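Below is a short briefing on one structure, grouped by topic. Please read it alongside the sequence and coordinates.

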Amino acid sequence: LFVGSVRCVYETDIDNVISNFNEMLLETYLIHDKELRNTGIINPNAKYIRTGMFDWSNEEELSFYKDNIEGIAKKLKVKEKAKEYIDRLHNDGHLIYIITGRDNGEYSEPYNMTKKWLDENNIYYDNLILTDAYDIHAKSLECLKNDIDIMIDDSVRICSDLITSGITTILMDTPYNRKINIKRVKNWEEFYEFVSTYK
């Protein structure tokens, strides 16, 4: 089906593609909200967990996020069947490049922390690359530099930039990225099927 190997890149800070970042973030915010004012979710239709879902001030939210993001990242769980299908892709002969936006000043040792999490969860990868999540072009530049064929991410802005750069891009579905017309998959099985029929 393929001539050579397809380099498949799985990332988005790893979060929401390989890991359950949104679920863990929401769980942590709900716990803190009980300690803060116990008002709960005031806007279930908020654009994102961090933006208007709770009645916290911007200063309260930012302070809590900065103080807790590293602890959250270390406790993340692997998304359902992510390991299974990454292993299948590897066994099929594809190269697995993980590009994650964790080199952004929010973590004390982002590379070592990320490598430890991947290794502890037995996630196979051929290369781990860290970029700045706040630089919209950083992942596209790494994909071009490393001849990446297929990219999967949950960020609309990152996916849009990847597409503009001519990279085949798949959006991993989340409740917060559905108002955009980009090719998406709901789970790892669907992504594996896409890669298996990619020409």
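**Briefing**

The structure holds 0 disulfides, a disulfide being a pair of cysteine sulfur atoms within 2.5 Å. C143 is in no disulfide, and the nearest cysteine sulfur, that of C159, is 10 Å away. This is a predicted model, in which local features need pLDDT of at least 70 and side-chain atom pairs count only at pLDDT 80 or more, while totals for chains, interfaces and linings use all residues. Residues are numbered from 1 along each chain as its sequence is written, and side-chain values use heavy atoms, with hydrogens and water left out.

**Cysteines**

- The sulfur of C159 is too far from the closest cysteine sulfur, in C143, for a bond, because the distance is 10 Å.
- C143 is buried, with a relative accessible area of 1%; buried means under 20% relative accessible area, exposed over 50%, and partly exposed in between, with a 1.4 Å probe and protein chains only.
- C159 also counts as buried, because its relative accessibility is 0%.

- Strand β4 (residues 150-153) and β5 run parallel and are joined by 4 bridges; two strands pair if DSSP finds at least two bridges between them.
- Helices (H or I, at least four residues) and strands (E, at least two) are DSSP runs, numbered from the N terminus.
- D153 has L171 as its bridge partner in β5.
- L171 in turn has R184 as its bridge partner in β6.
- Strand β6 (residues 184-185) runs parallel to β5, and 2 bridges join them.
- Of the 5 residues in strand β5 (residues 168-172), 4 are buried, which leaves the strand mostly covered.
- A right-handed β-α-β unit is made by β4, helix α6 (residues 156-164) and β5; a crossover is right-handed if, with the strands pointing away from the viewer, the path from the first strand over the helix to the second runs clockwise.
- I150 lies in strand β4 and counts as buried, because its relative accessibility is 0%.

**Helix α5**

- S140 is placed in helix α5 and counts as buried, at 3% relative accessibility.
- Leaving aside neighbours within four places in sequence, S140 is in contact with D161, L162, S165 and I167; contact means heavy atoms within 4.5 Å.

**Helix α7**

- W188, F191, Y192, F194 and V195 are buried in helix α7 (residues 188-196).
- These residues lie on the same side of α7, because they cover an arc of only 160° around the axis; the arc is that of the directions from the helix axis to the C-beta atoms.
- An α-helix has 3.6 residues a turn, so residues three or four places apart point the same way.
- The N-terminal end of α7 is capped by N187, with a side-chain oxygen 3.2 Å from the backbone nitrogen of E189.

**Positive phi in loops**

- N38 is not a glycine, yet has a positive phi of about 60°.
- N38 is found in the loop between α1 (21-36) and α2 (58-74) and counts as exposed, at 52% relative accessibility.
- D147, also not a glycine, has a positive phi of about 55°.
- D147 lies in the loop between α5 (138-145) and β4 and counts as exposed, at 52% relative accessibility.

Technical notes: Polar contact = N/O pair within 3.5 Å; in protein donor to acceptor, adjacent residues only side chain to side chain.
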